Amino acid sequence: MTILEESSFNKKEFQTDLINWFLKNQRQLPWREDKDPYKVWVSEIMLQQTQVDTVIPYFENFIEKFPNPVALADADEQDVLKAWEGLGYYSRARNLQFAVREVKEKYQGKVPKDPKQLGDLKGIGPYTLGAIMSIAYDQPEPAVDGNVMRVMSRVFRIDQDIAKAKTRKVFDAVVRDVISTEDPSSFNQGIMELGALICRPRNPKCDLCPIKAHCQAYRSNTQTDYPVKSKKKKQTKLNYYTLVLENQSGEFLIEKRPAEGLLAGLWQFLMVEKKEVDRKLLTPFVEQLFKTTVIEVNQLESIKHIFSHIIWSIDVFHFKVKDFVLDDSNQRFISLDQVEDYPFPVPHQKVIDQL
């Protein structure tokens, strides 16, 4: 017996109430203007871990620069990372470009309609696959994200822990049971929109909800008990010095981060973990490392930046130094006018703002 049969659930009425509400109340978003699968794909990748209002200007700029899969496939990775600068989770951008290169090579630049081909592309998980298949290609594929799990956990009082990966399969099966085969695009977008606007994590607006008649949590007044979610692991705190070296020509030393790992391929000012060098010894450290002489040192405003799993706590020092020659190909001197040519992570953009 399915969860729907157990709850004497009227699937057709549920679909109708949800879709009618969505068609009347949906936000006007740039990726909804047409059903271009590439635009749906880009928007869904950007929307992972990022709020809609933040994504809109990035999306519009990105599509203007890279209007189709071939344009993105042919672009320089540094240009792609620059267009992504500030959105965070940069592996999303690299995986997207890697995948569209495969789309260009294997599928003549057209996003495949076949779910197996689409799902094999780098960075496309079950949610993104479901979003593209349903929104762009009108196929009844589940697209289960946090909003969808929250809505469905309340509608059916599902008490599995949504922080566990295996729980997603439970919600995937539920959505597959209830999704509209006539308008899967509006259905999936409707649940996402409902979770974003009405069925919020705290203080859900149940009085405005179009599907409250179908919601078990509403009927039992247990909305705030759902979804069930275990606490995240505590974030690791890392303490750094950021050393901004300015030579006598007014140029600043930057370095490229490794090609793998956190913020891969982005540029930054020199970063040193605090445990590596005593604060009182920063000047001789700089002089010895770069075989130069420090002329002046000023401390800038400290920066704290929170990632999903770690926290950076950064003390920033601005060193004016005598000119020296670099022997590392991943380092270079640039003027402030040239920073626009390089993608920097947000903490280092804050350093640039101070400079």
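Which side chain does His-318 join through a polar contact of 2.7 Å? Select His-318 and look for Glu-246: the polar contact links the side chains of these two residues. Bear in mind that you're looking at a predicted model.

Stay on His-318 for a moment. You'll find it in strand 7, which covers residues 310–321. His-318 counts as buried because its relative accessibility is 10%, and the cut-off for buried is under 20%. Leaving aside neighbours within four places in sequence, its contacts include Val-244, Phe-252, Asn-298 and Leu-355.

Next, go for the largest nonpolar core, with its 92 residues. Select Trp-41, Phe-62, Met-152 and Phe-187, the members that touch the most others. Then colour helix 9 (residues 126–136), which gives the most to this core: seven residues. Apart from this core lies another one of 16 residues, and Leu-253, Phe-290, Phe-317 and Val-321 are among them.

Now zoom in on Phe-187. Beyond its neighbours within four places in sequence, its contacts include Phe-14, Leu-18, Met-152 and Val-175.

Jump to the loop between helix 13 (216–219) and strand 1 (236–246), where Pro-227 sits. A cis peptide bond joins Tyr-226 to Pro-227, with omega at about -5°. Asn-221 lies in the loop between helix 13 and strand 1 too. Asn-221 isn't a glycine, yet has a positive phi of about 55°, and with a relative accessible area of 62% Asn-221 is exposed.

Last stop: Arg-157, in the loop between helix 10 (146–156) and helix 11 (167–178). Arg-157 also isn't a glycine, but its phi is positive, about 50°. Arg-157 counts as partly exposed, at 36% relative accessibility.

Methods. Residues are numbered from 1 along each chain as its sequence is written. This is a predicted model: local features need pLDDT of at least 70, side-chain atom pairs count only at pLDDT 80 or more; totals for chains, interfaces and linings use all residues. Side-chain values use heavy atoms; hydrogens and water are left out. A nonpolar core is a set of buried Ala, Val, Leu, Ile, Met, Phe, Trp, Tyr and Cys residues joined through side-chain atoms within 4.5 Å. Buried means under 20% relative accessible area, exposed over 50%, partly exposed in between (1.4 Å probe, protein chains only). Helices (H or I, at least four residues) and strands (E, at least two) are DSSP runs, numbered from the N terminus. Contact means heavy atoms within 4.5 Å. A polar contact is a pair of N or O atoms within 3.5 Å; within protein, one must be able to donate a hydrogen and the other to accept it, and residues adjacent in sequence count only if both atoms are side-chain atoms.
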